[in-house]
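Please look at the sequence and the model first, and then follow the notes topic by topic.

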Amino acid sequence: MHELSLCRSLVTTLEQEAVTRGLTRIVRIDLGIGCLSCVEPEALRFAFDAVAKPQSLARCELAIRRVPGQARCHGCGRHYEVHRWLDVCPGCGGDSRDLEGGDEIMIEQMEAC
Amino acid sequence: MCGHCGCDTQPPVQTRVIDLHRDLMDANHRQAAHNRAYFHRQRLTALNLVSSPGAGKTTLLEITLQQLQGRRPALVIEGDQQTELDAARIRATGTPAVQVQTGQACHLDASMVHGALHELPPAPGGLLFIENVGNLICPAQFDLGERARVVLVSVTEGDDKPLKYPGIFRDADLLLITKTDLLPHVNFDPARCLAHARRIRPQLPALQLSATSAEGLDGWLDWLRQLDTEGD
């Protein structure tokens, strides 16, 4: 389960941010998880609850937003969002395309004091 | 705890929202870039071999290393959750190999590869084969600094594997269909498998081989040779 190792780096990153910014508590973090990343949000939540966390993160809420990938259809040139791997072009139904993004795992914001 | 009666109520606190926009894979990206720079300086061509467990990665390596012997230096990093078994098989071919035991992790990451590099002798101009943990999901997210990612699919698996596990094919540089000597006995269509993979990665090149009969091996060795010229 790679979500566990991702959560460890998430906790380390947040701890560093807390120290650098002189924060005592992080109450919420907003993650942007690409729809085409190999990360399952529920597994990530489970892992985040399970990993050892410092006091500053003890009651931190995890908010997850799914970020679609961007595609350009080889058939008709249309740009469209890809939420699932096998989504086809909504214009012509073509399944050949260039794909960009959708694989990010970003800490977008945090709410802290 | 509250200051009045000792209940669990948290006193209200003034919080603020901070924009971070930090990529959680940053540390791995940086380490992968460091590995890549090292490979470049050493003129070492690194390959990341990924597949499900049992697709024939180690067997492919054994036969490949025998062919390369005396012609080109090679190194191997073996990733498995447990045991030294695969590294022992590789060392039996006379090739230096390091086993990385990933413990609870289901993939290799760039820092595990970096750690293993310190245990390998230099091999300028050579090939470094990194055999990832047998898993079609987790290794997809982790750049190791490799020159090329090779995805193996054996004919004893379904030819719909690319549709079921698309993520690993997105950054693939080669689809290698293995165990082709078994094709008469299984319902696997190589053309269909490739068509599925190309829905994820258009123009993905593909090769077929059998490590048992050695059929198709020359195509694979040619591909390895050609990789260097393209990389420089």
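In chain B, 51% of the 232 residues count as buried, where buried means under 20% relative accessible area, exposed means over 50% and partly exposed lies in between, computed with a 1.4 Å probe on protein chains only. This is a predicted model, in which local features need pLDDT of at least 70 and side-chain atom pairs count only at pLDDT 80 or more, while totals for chains, interfaces and linings use all residues. Residues are numbered from 1 along each chain as its sequence is written, chains are lettered from A and ligands numbered from 1 in the order in which they are written, and side-chain values use heavy atoms, with hydrogens and water left out.

**Chain B as a whole**

- Chain B has 7 helices and 8 strands, where helices (H or I, at least four residues) and strands (E, at least two) are DSSP runs, numbered from the N terminus.
- Taken along the principal axes, the C-alpha atoms of chain B fill a box of roughly 80 × 45 × 35 Å.

**Single residues of chain B**

- B:V76 has its place in strand β3 of chain B, which covers residues 74–80, and this residue is buried because its relative accessible area is 0%.
- Between B:V76 and B:A87, which are 11 residues apart in sequence, the C-alpha to C-alpha distance is 8.0 Å.
- B:R147 lies in the loop between β5 (127–131) and β6 (148–154) of chain B, and it counts as partly exposed because its relative accessibility is 32%.
- The side chain of B:R147 reaches the backbone oxygen of B:L227 at 3.1 Å.
- Although B:R147 and B:L49 are 98 residues apart along the chain, their C-alpha atoms are separated by 11 Å.
- B:K179, found in the loop between β7 (174–178) and α6 (190–200) of chain B, has a positive phi of about 60 degrees although it is not a glycine. With 26% relative accessibility, B:K179 counts as partly exposed.
- B:Q203 lies in the loop between α6 and β8 (206–208) of chain B, and its phi, near 65 degrees, is a positive value in a residue other than glycine. With 69% relative accessibility, B:Q203 counts as exposed.

**An open sheet in chain A**

- Strands of a sheet pair through backbone hydrogen bonds, either parallel or antiparallel.
- In chain A, an open sheet of 3 strands has the order β4-β3-β5, with antiparallel pairing; two strands are said to pair if DSSP finds at least two bridges between them.
- The edge strands of this sheet are β4 (79–82) and β5 (97–100) of chain A, each of which pairs on one side only.
- Neighbouring strands of this sheet are turned by 30 degrees against each other on average, direction ignored; the axes are lines fitted to C-alpha atoms, for helices over the stretch in contact, and angles run from 0 to 180 degrees between N-to-C directions.
- Strand β3 of chain A, residues 69–73, pairs with β4(A) in the antiparallel sense over 4 bridges, and there A:A71 has A:Y80 as its bridge partner.
- β3(A) also pairs with β5(A) in the antiparallel sense over 4 bridges, where A:A71 stands opposite A:L99.
- On β5(A), A:R97 and A:L99 form a covered face, whereas A:D98 and A:E100 form an uncovered one.

**Strand β1 of chain A and its partners**

- Strand β1 of chain A (residues 26–34) is largely enclosed by the rest of the structure, because 8 of its 9 residues are buried.
- β1(A) pairs in the antiparallel sense with strand β6 (residues 105–112) of chain A over 7 bridges, and the bridge partner of A:I33 in β6(A) is A:I105.
- β1(A) and strand β2 (residues 61–67) of chain A run parallel and are joined by 7 bridges, with A:L31 standing opposite A:I64 in β2(A).

Key: Polar contact = N/O pair within 3.5 Å; in protein donor to acceptor, adjacent residues only side chain to side chain.
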